[in-house]
Amino acid sequence: MIWYRRRLPFDASAFDRSVYAATWLNFAAQLAASQSARLMDSPFVFSQALSVIGYAVALGGALLDNARLFEQVRHLAVSDPLTGLANYRRLLDVLESETERTNRSGRPFALLLLDLDGLKKVNDTYGHLVGSRAICRVADHLRVNCRTIDTAARYGGDEFALVLPESEQEEADRVAERIHIVMAQDKEQPPLSASIGISVYRGEGERIERLISEADEHLYAEKAKRSRRLAPPQQQRRRATRSGSA
């Protein structure tokens, strides 16, 4: 008979590994039991101990696997599947928590809303795979360039949010400027830019919806300014002529 050692796959789960170990423990228990001459002698006790250990190992593996699966489900429930950032549900939970914290401590927090410029054009020109990659690039910039206490979220197709605990307007402005600079320095094609709106909660008792709406208003005001700056000179002159004749 040829004996060989069967290796478990590298990505085997905790339950797979525990069953593998329990099988060998059970095999060892059977060998020990075969050496028993009478009830309750040393080989018999040893075999029973091995059997109990095998059952305990299998049970422990099942519990570890269940805990891992529960954590995965919990993570998926509050995460965006494309970027791995927090989703809209998680964003609302964080905003509610930060609002309560500010009401207690008096220390403000800031909310940044980002809208990726020209995603439709990217999709039409380069395809939806490049468009999805563009969304992931923005998510990577947010993930790398925010503090551990900050929360980055994707709450729409090309819309992102960044919650900055204990931050005033000046700090939020610096973060927004840093995001603009990092995106402009990104050498990957196509080039990306984003419009950013900011609102700060200082404990005035505003509702979360109002906080988001205020940041959204500032976002579209900036988007309108950016579109005017990026418009061709002829189009800018036409707009100026229209406004002058009006």
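Buried here means under 20% relative accessible area, exposed is over 50%, and partly exposed sits in between, using a 1.4 Å probe and protein chains only. Quick caveat: this is a predicted model, so local features need pLDDT of at least 70, side-chain atom pairs count only at pLDDT 80 or more, and totals for chains, interfaces and linings use all residues. Numbering runs from 1 along each chain as its sequence is written, and side-chain values use heavy atoms, with hydrogens and water left out.

Thr-99 belongs to helix α3, residues 88-105. Helices are DSSP runs of H or I with at least four residues, strands are E runs of at least two, and both are numbered from the N terminus. Leaving aside residues up to four places away in sequence, Thr-99 touches Phe-109, Tyr-201 and Ile-208, where contact means heavy atoms within 4.5 Å.

Next up, Val-122. You'll find Val-122 in helix α4, residues 119-126, and with a relative accessible area of 9% Val-122 is buried. Its contacts, again skipping residues up to four places away, are Gly-127, Val-130, Gly-131 and Pro-190.
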